[in-house]
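Subject: Structure handover

Hello,

Here is the structure you asked for. Please open it beside this email and follow along.

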Amino acid sequence: MGILSLFAKSKGCRLVHLPSGSFTLDRDGRVMSSTLPISFPAAHIRWIGQHVLATFHAAQNAHMPLSEILISFAALRILARELRGGAIIYLMPQSLNQPLKPALN
Amino acid sequence: MPSNPKILLLDDDLGVLELYREMLSQHLPSLPEVRTASNASRALALLESDTFALMISDLNLPKMDGLQTLSIARRKYPQMRLVVLTGIRDEQFRTRAYAMGVDQYWIKPESDQELGLFMESIESLLSSEDQGKFRGLQSKSLVDIIQLECLSQSTTTLKITNGVVDGRIWIQNGEVIDAEAVGLNAEPAFQRILSWKTGSFELLPGDPDRSRTIFTSYQGLLLNTAQALDEAASQLPPVPQGATDPAPDAAMRIAELSQFPGVEFVLASGLNRDSKDDYWGLDHPQPVAQWVQDTLRGFAELADQLQVGHLQQIIGTGPQRKVALARSGDTQLCVGFTPALPADTVQETMNSILTKWVS
């Protein structure tokens, strides 16, 4: 099976690994601080930030102001807390073997 | 089978493509026709032009990565089986691949034994006729899997996902010892899980420390469950001939949801902006419905962009109330809760509400 081992060698990964960490945004969506690795694409941070801020703003407009949102995807949870128009956002990748428990109380 | 099944193999390593093409096409009993692609755009073009039973893809690809490709394939070809074959030993990518609906995640075999298991599993996927039922490790029914695990005296945990809800069945030394689903435990949870008609399941490591709550043998359990399901089916009112929509009135269903503890309002709206909203406990539902629609759509898009599987639920906390948002089929549900209700209770209650809604 030597030939299979040769093919099984791992190549340099070009996939984006979802990190655990947090970042803060000002009210205009600019990143103010971050504990995320620099390998995590800025575009991904921008997408997350845009959606989170838009959700807070739209909730306010719908007369349902929110100070915190927890978004649960199958493989990632995002916890966002409103900060004077901006937000602090935590990324929490999920594992298959991990029971789903809410992060906020 | 009317003709040989077709497999699409995607890997940027031409050597791997050739090796696996030869092995799969010559050594599998179903003698599949294997087509190959060395990049995602070529693979997607082949999928457009032909019907494949199975796609096997590496994750590490140039330009468009394997997760993106699999995400597109799952969305456009829901009946096609998807298998990841990669050298990446990373729990997160495995989790994300399964979250996207991949059937199996394989590390490229490094021994004869591993290769044998891989080939066997591919043949099992190809020979499955239950394309619309449970998707899982062996593409067998849930009852088959439980019987197999019990007969082989296994210790394992079965995780079963049915839309937005999931359940677990613990098997220890060939006996079902506990089950948990949508707020239920033990035998009622087992029966609830077996009543699900579709979904996916995974075998997780066993939990030897799990306390035993079920003392009936697995044969007895399966028999009891089959009887309970038969009785429940026989008690359903007959559907009049020609009737097309036996669903109860939406307003009545929403009134039922309002009975859950802590619920302040319920809003159910369709996926389109012009669809009718049904609600309870809201004075001005329109702005809320709009917010729900925009928010769920936005985060569903984000799920695609980040490749993190489907959006399960959103829970918001505000000074006046907590809210939970989720999709159930073609309906978007938004439920308001009293602000004092703990978030984990909101999450559990929302899961129960979703189960009630789909049932």
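First, a definition: two strands pair if DSSP finds at least two bridges between them. Strands (E, at least two residues) and helices (H or I, at least four) are DSSP runs, numbered from the N terminus. Strands of a sheet pair through backbone hydrogen bonds, either parallel or antiparallel.

This is a predicted model, in which local features need pLDDT of at least 70, side-chain atom pairs count only at pLDDT 80 or more, and totals for chains, interfaces and linings use all residues. Residues are numbered from 1 along each chain as its sequence is written, chains are lettered from A and ligands numbered from 1 in the order in which they are written, and side-chain values use heavy atoms, with hydrogens and water left out.

**The antiparallel sheet of chain B**

Start with the pair that shows the definition at work. Strand 6 (residues 156-162) and strand 7 (residues 165-172) of chain B run antiparallel and are joined by seven bridges. Within chain B, B:Ile160 stands opposite B:Gly167 of strand 7. Both strands belong to an open sheet of five strands in chain B, with the order 9-8-7-6-10 and antiparallel pairing. Its edges are strand 9 (184-185) and strand 10 (200-205) of chain B; each has a single partner strand, so one side of each is left without a neighbour in the sheet.

A helix covers part of this sheet. Helix 6 (residues 142-151) of chain B lies across strands 6, 7, 8 (175-181) and 10 of chain B. Contact here means heavy atoms within 4.5 Å. Helix 6 runs at about 175 degrees to strand 6 of chain B. Axes are lines fitted to C-alpha atoms, for helices over the stretch in contact, and angles run from 0 to 180 degrees between N-to-C directions.

**The parallel sheet of chain B**

Chain B has an open five-stranded sheet with parallel pairing, in the order 2-1-3-4-5. Strand 2 (33-37) and strand 5 (104-107) of chain B stand at the edges with a single partner strand each, so one side of each lacks a neighbour in the sheet. From one strand to the next, the twist averages 20 degrees. Strand 1 (residues 6-10) and strand 3 (residues 54-57) of chain B run parallel and share four bridges. There, B:Ile7 has B:Leu54 as its bridge partner.

**Two helices of chain B**

Which residues of helix 1 of chain B meet helix 5 of chain B? They are B:Tyr20, B:Met23, B:Leu24 and B:His27. Their counterparts in helix 5 are B:Leu115, B:Phe118, B:Met119 and B:Ile122. The axes of helix 1 (residues 14-27) and helix 5 (residues 112-127) of chain B come within 11 Å and cross at roughly 60 degrees.

**Hairpins of chain A**

Strand 3 (residues 68-73) and strand 4 (residues 76-83) of chain A pair in the antiparallel sense over five bridges. A:Leu70 has A:Leu79 as its bridge partner in strand 4. These two strands of chain A form a hairpin with two residues between them. Strand 4 of chain A is also joined to strand 5 (residues 86-93) of chain A, antiparallel, by eight bridges. A:Arg77 stands opposite A:Met92 in strand 5 of chain A.

**Where the chains meet**

How many residues of chain B are in contact with chain A? There are 68, and they touch 50 residues of chain A.

Best wishes
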